[in-house]
Amino acid sequence: MEQELISKKELLEQMDISYGQLYRWKRKRLIPEEWFIRKSTFTGQETFFPKRLILARIAHIVQFKDDLSLDELAGTLSPLQTDIRIAAEELSMHGLVPETMLRKHAGSAFANGQLPFDQAFYLYAAHRMSQSLGEKMAEREAGIIVRLLREQLPKLEGKPCELIALSAGGGYWMLLQAGGGALYADERTTIAASLRLDEAIEAFKTKLYAY
Amino acid sequence: MKDGEHSDLGNLSINGVGQAYGGRYRHVSIDGLARLSGNVQCETFRLNGVSRMNGGVDTDRMTINGVMSGKAGIIAKSVSIDGKVNVRGSLVSEEIDLHGLLKLEGDCEAERFVVRGGFGIDGLLNAGTIEVDMHGRCRAREIGGSDIRITRSSRRASRLLRRLFSAFEPQLHAGVIEGDEVHLEATQASVVRGRRVYIGPGCEVGRVEYELELLVDEAAQVKESVKQ
């Protein structure tokens, strides 16, 4: 699925950062290797980035870099960091996960009114899907999504993943597609909704860390 | 390796000709000829001689005096090489100090990359400070960092360097070079990008994109230059 790209040059100018900084953040793994997209243009080899993702990431780094060392910062960005705990109210307050979904599907991960980061994210992803699918997604399908992500996503860290809802008649089949690439369905089946998890994590973190 | 994990690990010491398994050690010390079969994790790795590594090395401090060849990557805090290192993988360290020749099939990352000699890096050389005093051929697919300084040595070469790089005129070949302060001599590159750029004698560059300042020596060739 296409996404908007921004060139390295435009990025440096727009975010007012230098080559040295960008290469340093790459060494510290603050910017994932997959985001560096090399293309040949008429002026030579140039590097591009997924626009929304990189702008959000650089804004995050620039915002926090004075308070946290780069190594600590890399910690906050790790997508499935389980030792960050988030209070339930923060999730509903930022509009990330409705209370009903929290109560029904957080399950045993919920302790002392708090959820580990990854569990909170799974609920957020389920909520985003239910928003895309509207009324037609059954309550229990949120639980199905959460269980799918719980089971499979930790094994796929580092790979670009997409959550896809297929419909063929009643109900939905939830799939997790890892590694990018297009999906083709037969004539009876429709791709009802899809959610790119790397974008979802960025949106989740941005909203969560917004003051 | 985390602090405190070291104290109960044994040391690996090879004197003369020997082989050892990979594994976790505290100090690895080789004086002679060694073959290590698996990945090695240790606090310090010291080689004085020749070593063939079938796996990678994960260590704090690596000191090589001699020749090392490895099938997998090296991760360290500091690497000091006096001799020749050839790795079928990447080299990631905070400090890299090379007197001799380094060949990597992968990438090279460091905060400081200081070279007297030459290197061939198949991937990206990504280091904050890059200081290369070329005594032989240097090559990297791409070079990126903050302060990049590539000079063709006029100093008297050490015996080691004369042995490693006898006939060839020192030159750096790279595709793209990007940095903040970039000083190049005897460099062939397709594209050079930087804030302040100096293209010195012996350089052949296709395109320079600079933000603040560009200086091109009369003994250098730049096909086109663009101020950003």
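This is a predicted model: local features need pLDDT of at least 70, side-chain atom pairs count only at pLDDT 80 or more; totals for chains, interfaces and linings use all residues.
Figure 1. A residue counts as buried if 20 or more other C-beta atoms lie within 10 Å of its own. You'll find B:Ala186 in the loop between strand E11 (171–184) and strand E12 (187–199) of chain B. Its backbone is worth a look too: B:Ala186 isn't a glycine, yet its phi is positive, near 45 degrees. For background, most residues other than glycine have a negative phi.

**Figure 2. A positive phi at A:Asp16.** A:Asp16 is not a glycine, but its phi is positive, at about 55 degrees. Is A:Asp16 buried or exposed? With 9 other C-beta atoms within 10 Å, A:Asp16 is exposed; the cut-off for that is 12 or fewer.

**Figure 3. Where chain A meets chain B.** Chain A brings 11 residues to this contact and chain B brings 19 residues. On the chain A side, the elements giving two or more residues are helix H2 (19–27) and strand E3 (44–50). H2(A) supplies the largest share of that side, with six residues. Sorted by class, the chain A side that touches chain B has two nonpolar, five polar and four charged residues.

**Figure 4. The two domains of chain A.** Chain A splits into domain 1 (5–77) and domain 2 (85–209), and the C-alpha centres of these domains lie 27 Å apart. Where they touch, four residues of domain 1 are in contact with five residues of domain 2. On the domain 1 side of that contact there are two nonpolar and two charged residues, and no polar ones.

**Figure 5. Helix H8 of chain A, with a buried face.** H8(A) runs through residues 139–152. At 1.5 Å a residue, its 14 residues should span 20 Å, and the end C-alpha atoms are 21 Å apart, which agrees. Which residues of H8(A) are buried? They are A:Ala142, A:Ile145, A:Val146 and A:Leu149. Looking down the axis of H8(A), these buried residues fall within an arc of 95 degrees, so they line one face of the helix. What covers them includes helix H6 (99–105), helix H7 (117–133), strand E6 (161–167) and strand E7 (172–178) of chain A. Turned away from the buried side, the other face of H8(A) carries the exposed residues A:Arg140, A:Glu151 and A:Gln152.

Terms used: Residues are numbered from 1 along each chain as its sequence is written. Chains are lettered from A and ligands numbered from 1 in the order in which they are written. Two residues are in contact if their C-beta atoms, placed from the backbone, lie within 7 Å. Helices (H or I, at least four residues) and strands (E, at least two) are DSSP runs, numbered from the N terminus. Ala, Val, Leu, Ile, Met, Phe, Trp, Tyr, Cys and Pro count as nonpolar, Asp, Glu, Lys and Arg as charged, and the others, Gly among them, as polar. Domain bounds come from an automatic or database domain assignment. The expected span of a helix is 1.5 Å times one less than its number of residues. The arc is that of the directions from the helix axis to the C-beta atoms.
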